[in-house]
Structure formats: C-alpha cells, structure tokens
Amino acid sequence: MKVFEANITHQVSDYLNDILKNVVTIEKANQKMCKAFGFIHFFDNEEDLQILKETISISQNIVSEPDRAEYGDFQTNTDLANKVALHLTTKNVSPEIVIEPTCGKGNFIVASLKQFDSIKKVFGIEIYKPYVWESKFNIIDFYINNPTENKPEILIIHNSVFDFDFKTIAKENGTKEILIIGNPPWVTNSKLGSLNSSNLPKKTNFKNHNGLDAMTGKGNFDIAEYITLMMIETFQHQKGNIALLVKNTVIKNIVFDQFSKKYNISEIEKYCIDSKKEFNVSVEASLFYCKLNSNPFFECAEFDFYNNSKAKLNFGWLSDKFVSNIDTYSNAEQIDGKCPFEWRQGIKHDCSSIMELDKVNGHFVNGLKEEIKLESDLVYGILKSSDLKNTVIKETRKHTIITQKKVGQETNYIKYDFPKTFQYLSEHQDAFNARKSSIYNNKPPFSIFGIGDYSFKPYKVAISGLYKTFHFTLVLPQNEKPVMLDDTCYMLGFDKLEFAVYSLILLNSVTTVQLLQSITFADAKRTFTKDVLMRIDLLELSQIIDKSELQKELNYLNEIYNFNLTLDLWYDFINEMKPIKNGQMELFA
C-alpha cells in the first residue's frame, strides 16, 4: 500500500487510522504522534493530515515507483543497515544524538533505534518527500512491533542536505555524543547536472583545483565526498563517530586530504562491502568509519566488512608520502621522489568519429564508415590504452589527424597547405561544434589538447592510465613519423633511442613495479595518473640498479627486437637527468 507515494504497511496504516480518525487539528495530531513515537512535527500542515487520513481509510492504492537516478538513490537494505549499527556497538559507540544527513527510507534510523538505547534525539534529513513519509512509517512500524524500546525525540525533515543548517545541531548539542550514520548519494556532480537534478550543492570548486584541472575532470567531485567532508568539518570538534557508506575513492580522498586539512578525526577505518550483493551495482564501496574530536590520524586500516577480524592492509601518509600499502612500501621507498622527466598525457580531441581513421585497402575510413581522401602530412599513427600490450610497438592499427603542434595554435594554415584535409574537416564542423567540454570554447576550429613539442618526439615510453598492468611500452616511429597516444595514456618522449630504452628498462624493473604497487589504488578510475608517475625517481633508480641486470635486459631487447644498442650513452643519460646549474631539470635530449 502507498500514501504520498511512500510504502506503508497495513499494520501502520491501521494503527494511524485508529488514532487519527477523530483528530481534527494538526496540533492534536502532532501531540499524539509525539506521545506515541517521539516525533517532533510529524505533520507539517493540515493538508498532509487530511490526505493521510483519507488515504489510509481506503484499503488499497497503487503508485508506481519513480525513477530515482537524479538523487543518486541506492537505498540501503534493512539487513545491511542493521549489520552496520551492530558493528558500531562492538566499538563501544553509544550516541545520544543520531544524524542521518540523507535518510532515504529511514533504515539506518530504525537500525540505530534498535541497537542504541542511549539515543535522546534523532535528525533525519531527506529531499525526496515520499521517503520522508516512508521513514516516518517505518519508524512507527518498528515501535508497533517493539513497544518497550526507547523513544527519543525524532525529527524527519524534508530538506536538501545542502541547504540544511547542521551547525545549529552541533551548537545545541555540543556536549552530547553524536553519531552520523547513513548512505549519501553515490554519484558525481556532473552526473546529477546532466540529469538536471535539483539535488546539488551550489556550484563551487570546493577543492580549489586550477582552471584546466577543474574543466577536465578533477573538478568533477563525488556528492558523497562533499557531504562526508561537510559532516567532518561541522562536527569534528564534538564527541562522537561517523559511519557512512561511500565509494572507495571517497575514503581515499578524505585520507589524502588529511595531510593538509588535519581534521580532528582518528581511528579511520574502511570496511569493504559487496556492492553487487547489497545494491546490485558494480561500484567499489565501503563503510567509512572515524572517531571525532581526537588528534588527527593520517592512516586508514582496511577490513572486510563481513569478516573484519584482521586488517587487509593500511594506506595513508608516511611522512609526506601518500601510499596505498604501507606494509610493502618500504621495499621501494628509496625511489619515491620526483621524476627528472615530465610525464605527459596523450592527445584529446573528443571527436573520434571524425578524427580517428582506419586504413583499408590504402584508403582512410573514418568512424562514420566514410572513405576519405586526405594529404598524409597531418595524419599520424595513434595508440590507445588497449594497444599498449607489447614491450615494443612499431605499427599502429589506427591513425589520427593532428591539426596543431601546440595548444591554441591557429588552424587557418590547413586551408591553404592541405585543402583536402580542410575540406574534410569543414564538412564535419557540426561534430566539432557538438563537443561539450568547455576547454574548446573560443579556440581555433578543429582544436585539440594534450599536444606540444613532446608529442613529436620520435621515441616514447608509455603506459595505459586505465589498465592495472604495471608494464611500460616502447613506442617507435612509424613511416618515419612519431606515433601519437590518446589521452588515456601517459608518456615520456626522447630524441635518442638509447635514452628511451634505458628508461624502459628502469621503468619495467622490479623496484619500479614494487613502488607503483605501493602507491596506486586498484579500484581507482585511473590506476596511473601523472601525479603517480612523477613520483618515480629515475635518477635515483639509475644509480642503484644492478649494472649486470641492466646489461642483461639490454641484450634481451637487442636480440628480440633487432636493436644494436650498447650502454655507451648510459652516463650521458644519467647526466641528462641531473639538475643543471640554474636549479631546473633538463627534461629532454
């Protein structure tokens, strides 16, 4: 049965019908609900009272379940909510105030009422009005079946978590033990924005990313992360605990930010859950737990939620280094520094159907299956993440059109120097205009990003940012032209083949693999990023690597790929990596 589009059991419906059928005023109705169940302002207005009375007097009504995507809605099942609350009792959590910032159907509130008899007041905030009612009905159902349980004051408030004033709760309950519990939305601000959702915080670059980072991804923050940080910042100076179900990336980001923010939280713990089983979604998520009002912790212990007797691993800060596995990090920490060469991301054009080409029977064919004629000058081979499987690559399966040699370069020259290419690009101007990213605003026609002198280096060492393979690839020129990589890849560029091969050997060494395994997170959207790769100190590694191992690897590459390389330039390579007199690093040969 449903009322206000909210599920209500016949038991609750019959009970409410019985105690409210003769009630006329909202004041009297609210008094009855407060006395029976502890609700403060159960009814907001007379209209709600009358609608409820009329609806529950009818035996059945059916309303279809709405689409909840715009709220990032993954409701926590009763069993999981109960297990979370039960787990908290093992940590001697005994709250007087319980706050659920996005309470949904109220399962965490009911679980808390079931487990903690110390509760004096409950605050549940929910933007979706049917869930506000369903929370209330579920709480009533709990008390009908458990009439002797403690009945604190309960406020279920219809409001957006981003508009609600949590600071007042903190101020009014400064001496009481607080528990913040729940399951904030598992979506990003860009996802909600694309759904035209009203369930968004005011537009803000809340981590202060620079302009390009904010435009190209780092500004796309997780809503649950925003809410969790809001809870930490508001309540960090009060006695209590936080227990929220969030994506693993949220927990990683919170621990990462601890180094600069130094929030007053400790005993930071992550309890991995089976999201497919609990929510039927393929998302890596966990229970985030921490203790408030304590000296800042900079590490997080990771457990299995279903068998948490022993920590699986610890991640966090060691001095000024952020690592994913503190236990194994010591094997390679000596090369955790700064790479003397600058890692670069591949090209970005967001127009693959036009810009990326196959070669079929000597002709170029685009993603629209159009056979096209172009001058070859602006066409280069290109590799994607999925192509970087072998140790050395000499040929590409795809090609791309490179319209610029540096970001922002004027593209008028194409019209005069390469008329066939210009005509082709112009015929598909609409595809370029349809690109959504703001990075293309006010840029020359057919603009690309991730392009510079480094893109045209003949020899490259590259790795996929997406795949979890700790393996680097040497990319050689094709038809005497440098090969490009797309923006899912990262690379170093060199003018000398020897320098590229020396780097390849160092990057594929056991020590480098151990470092990367200790500073990358398997559940990250991108296992490797520029920030991660820039931590590989190739200069330090070049000075500690076993020279016999170096020669052995070089001999192997010579034999397999018909190179004829020696270590004659090894010390030139090392000198290339050393700081020059003005304190800057000489990046490329």
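Biologist: What percentage of the 589 residues of the protein chain count as buried?

Modeller: This is a predicted model, in which local features need pLDDT of at least 70 and side-chain atom pairs count only at pLDDT 80 or more, whereas totals for chains, interfaces and linings use all residues. Residues are numbered from 1 along each chain as its sequence is written, and side-chain values use heavy atoms, leaving out hydrogens and water. Buried means under 20% relative accessible area, exposed over 50% and partly exposed in between (1.4 Å probe, protein chains only). For the 589 residues of the protein chain, the buried share is 53%.

Biologist: How many helices and strands does the protein chain have?

Modeller: Both elements are DSSP runs numbered from the N terminus: helices are H or I, at least four residues, and strands are E, at least two. The secondary structure of the protein chain amounts to 23 helices and 23 strands.

Biologist: Which orientation does α4 have relative to α5?

Modeller: Axes are lines fitted to C-alpha atoms, for helices over the stretch in contact, and angles run from 0 to 180 degrees between N-to-C directions. Angles under 35 degrees are roughly parallel, over 145 roughly antiparallel, 65 to 115 roughly perpendicular, and the rest oblique. Helix α4 (residues 78-89) packs on helix α5 (residues 107-115) at about 40°, with axes 8 Å apart. The orientation of α4 to α5 is therefore oblique.

Biologist: How do the residues in the contact of α4 with α5 divide by class?

Modeller: Contact means heavy atoms within 4.5 Å; the residues involved include Ala81, Val84 and Leu86 of α4 and Phe108, Ala111 and Lys114 of α5. Ala, Val, Leu, Ile, Met, Phe, Trp, Tyr, Cys and Pro count as nonpolar, Asp, Glu, Lys and Arg as charged, and the others, Gly among them, as polar. The contact of α4 with α5 comprises six nonpolar, six polar and one charged.

Biologist: Which residues of α11 meet α10?

Modeller: The axes of helix α10 (residues 223-235) and helix α11 (residues 248-261) come within 10 Å and cross at roughly 45°, so the two helices are oblique to each other. From α10, the residues Ala224, Glu225, Thr228, Leu229 and Ile232 meet, in α11, Val250, Asn253, Ile254 and Asp257.

Biologist: Which residues does Lys530 contact, leaving aside its neighbours within four places in sequence?

Modeller: Lys530 lies in helix α20 (residues 530-533) and, at 31% relative accessibility, counts as partly exposed. Leaving aside neighbours within four places in sequence, the contacts of Lys530 are Glu342, Trp343 and Tyr490.
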